[in-house]
Amino acid sequence: MKLTLKIWRQKNASDKGAFVTYPIDGISTDMSFLEMMDVLNEELAVKGEDPVHFDHDCREGICGMCSLYINGHPHGPKQTTTCQLHMRSFSDGDTITIEPWRAAAFPVVKDLVVDRGSFDRIIQAGGYVSVNTGGVPDANEIPIPKRIADEAFDSATCIGCGACVAACKNASAMLFTSAKISQLAMLPQGQVERMSRAEKMVAQMDAEGFGACTNTGACEAECPKGISLTNIARMNREYFSASVKSENV
Amino acid sequence: MILDSKSPIGPLAEKWTKHKFNSKLVNPANKRKYEVIVVGTGLAGASAAASLAELGYKVKAFCFQDSPRRAHSIAAQGGINAAKNYQNDGDSVFRLFYDTIKGGDYRSRESNVYRLAEVSVNIIDQCVAQGVPFAREYGGLLANRSFGGAQVSRTFYARGQTGQQLLLGAYSALSRQVANGKVKLYPRTEMMDVVTIDGHARGIVTRNLITGKIETHAAHAVLLCTGGYGNVFFLSTNAMGSNVTAAWRAHKKGAYFANPCYTQIHPTCIPVSGDHQSKLTLMSESLRNDGRVWVPKTVELAQKLRKGEIKPRDIKEEDRDYYLERKYPSFGNLVPRDVASRNAKDVCDEGRGVNETGQAVFLDFRDAINRDSEDAIRARYGNLFDMYQQITGENPYQTPMKIYPAVHYTMGGLWVDYNLSTTVPGLYSLGEANFSDHGANRLGASALMQGLADGYFVVPYTIGDYLAQIGPAPVDTNHPEFAKAEKGVKDAIQKLLSINGAKTVDHFHKALGHIMWEYCGMARNAEGLTKAKGMIQELRKEFWKDVKVLGANEELNQTLEKASRVADFLELGELMIDDALNRNESCGGHFRTESQTPEGEALRDDENYAYVAAWAFKGENTPEELNKEPLVFENVKLTQRSYK
């Protein structure tokens, strides 16, 4: 296949950045999108030009490291991660526009690489059960109905890639934050800190500069792991009930 | 040097308990005076960093990814073993110990493996307490499944994403300690060297991957939890960033490297589709429960298939060779990983491989679908079939899957004693980065177990004994050894940047991978290995003359990161060859064609090779020195594995 790539190039965080167009030829439909990027980078390197920087690691759709806003969609046209997107989803002669995630809380580091440290800080604000290593009860002393365990799993499957933020016109991190709050709110292990967790994680989310939720549902539609909007409803409920009972007034 | 494993004496079942009691303790008020560096934030690193911080130590945690949550432990699919015996099916700590020793083809240390089995039960308790959503039965209790190499159901799992859920559990514990101010996190930071003072590890040199800044960090102890080195083969199921740099640089500072030739090649991966391929994807071993492995009986048919003149379904039953069922009637398609992999290679070498490349065999679900219906197969493997279709564009319900073995895990690694200490005092190694528990072959669902055992339940005890002995006197980076190490790192980077040759880093990495796969892959022999050694030496010379690394150090420079890692792989590759040459026996994942039974199966030589080969670095371009740790088996009887 022959393609035209319009790629966002930005030298560093303070650079203004601009699109640069690269023609590319000889792309096979079996390649993954990132392998197509590898081909481009090999060509650039041979020519002595700086390769396009992008984040990627496991290339099997689970680490959440890859990003890329492709033709107006986070992770491209399919509901999957960029590393699991293959070139057979495109046609010969296509023009493909590739941008970084765009959000104030995800500043661009270089080219298509952004800083998602804000996600880590949201988890640090309360996305855990406060147990130390050792001294915990036997695993089967905490029976959990299968339905609850399965639902908690659905929330826990978030890979923290940030596609939800990139998809949202408000750059809201509600889907990401709510997935963790939901998982722990549903499980018996999470009950003790349930209220303070919701308060602290939402406060951190706001402090990072993520936007509010206006229920467009773009996050759910673009999430490569199918994290459901139900999580946001659940988080709102948790947060509301926490603020009513809060001791932190 | 005599390698002292420091295994406690006494009955197997009492060793760990006694050892814990005999270890010195650090007073709770003194713990905050000690600093510990943890490199890598996978299961081993994150669990160790969190547990040490909970105890009161000051911890710094480093990872090259943008977040600790992305370490490659996250990609583990199947599950985690634990001797809980919740199924009442005869499991016990001793049985898990026995299965692991046997599965490792009797090339691991009894005392370590027993301790692993012993603490396995605590791991499950810990993870459940953290909120890890394991699979459950309708009664609300934990579910188990069975896995290769065991006759009991002891594998705990969270759908096909067990590694993800366990890592997120450890990451949450780590995040809590970051919030408490007990752990300082350094993401997008690569360890470039270990700093030793008077023979003890006292810190590290790092490179900030965003700014390029070279920094030094001092500590009372350094833990390397940096994973395996499978990417020496270029293509593997490892993440793109997985590398040997931390372990290798530690090796060059005095840490022995043990059994580097032990690599696990997983039989069911999606085959290579072309030169552009950047990584290989595993398809769960469970598929072999219903899929039948075959290739055409004749080379002619295989050639027609490759050219697209006929389709797999056109090949008549009598023209198909279900070679695993034919050769191993009692285990059939469910022979262990190493046996399945070797046989796939053999039929492809005969020219009977399928796929355009001739490097693939069929895994066919036709009979299972006819027997149980397509819906039944979809219920069992739907997500895997979807993943296969997404990657290959072929529908495995209608045409057989194509699979081929791929490098998956490395059992070798830094040599450690019972305390997980390397040969450099104060330098520890945990998880896949060390060599300790899997011998020459790892059983499924045991990698997660080992990573978490080392981090949650072993090193928090053993490190105290060392720290109590050295005392809490502050360490700082003003010592000249830090400046020396920092200069070494800076010089090496400048050297890479100044070559400005004609060939890309990937060119060299692919060339190395090709040599390793061809001569040090599924089957090895003295002739090939000797040839490969020369080829790697040549390639390394060429690399340092002709590699092209663009850009500068003072920026995000992914080419420079890669070049620095590939430089280390080029050295490790040669040591793997040396180790494979030295070990003139077949065991587990290491198959020397000179050492096989009349039926072509792996033949161990217990008389001459029942030892751990631990290599000592002796200087650039100087042969490494072989040290042996004899393996003594007091509790199991060594037998020949047979799957006929």
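User: Which residues of strand 14 of chain B point the other way from B:Val361 and B:Leu363, and are they buried or exposed?

Analyst: The model is predicted, and in it strand 14 of chain B covers residues 361-364. In a regular strand the side chains alternate between the two faces of the sheet. B:Val361 and B:Leu363 point one way here, and the residues that point the other way, buried like them, are B:Phe362 and B:Asp364.

User: Which residue is the bridge partner of B:Phe362 in strand 15 of chain B?

Analyst: Strand 14 of chain B pairs in the antiparallel sense with strand 12 (residues 292-296) of chain B over 3 bridges, where B:Asp364 is the partner of B:Arg292. Strand 14 of chain B also pairs in the antiparallel sense with strand 15 (residues 401-410) of chain B, again over 3 bridges. In strand 15 of chain B, the bridge partner of B:Phe362 is B:Lys402.

User: Which leucine in contact with B:Leu224 is also among the residues that touch the most other members of the largest nonpolar core?

Analyst: Of the 281 residues in that core, those touching the most other members are B:Ala49, B:Leu223, B:Leu224 and B:Leu414. Leaving aside neighbours within four places in sequence, the contacts of B:Leu224 include B:Val39, B:Ala246, B:Leu427 and B:Leu414.

User: How many charged residues are on the side of domain 1 of chain A that touches domain 2 of chain A?

Analyst: Chain A is divided into domain 1 (3-110) and domain 2 (117-245), and their contact takes 18 residues from domain 1 and 15 residues from domain 2. By class, the domain 1 side has 9 nonpolar and 8 polar residues, and the number of charged residues is 1.

Notes
Residues numbered from 1 in each chain as written. Chains lettered and ligands numbered in written order. Predicted model: local features only at pLDDT ≥ 70, side-chain atom pairs only at ≥ 80, totals over all residues. Core = buried A, V, L, I, M, F, W, Y, C linked by C-beta atoms within 7 Å. Buried ≥ 20, exposed ≤ 12 C-beta atoms within 10 Å, placed from the backbone. Contact = placed C-beta atoms within 7 Å. Domains from an automatic or database assignment. Nonpolar A, V, L, I, M, F, W, Y, C, P; charged D, E, K, R; others polar. Helix = DSSP H or I, 4+ residues; strand = E, 2+ residues; numbered from the N terminus. Pairing = 2+ DSSP bridges.
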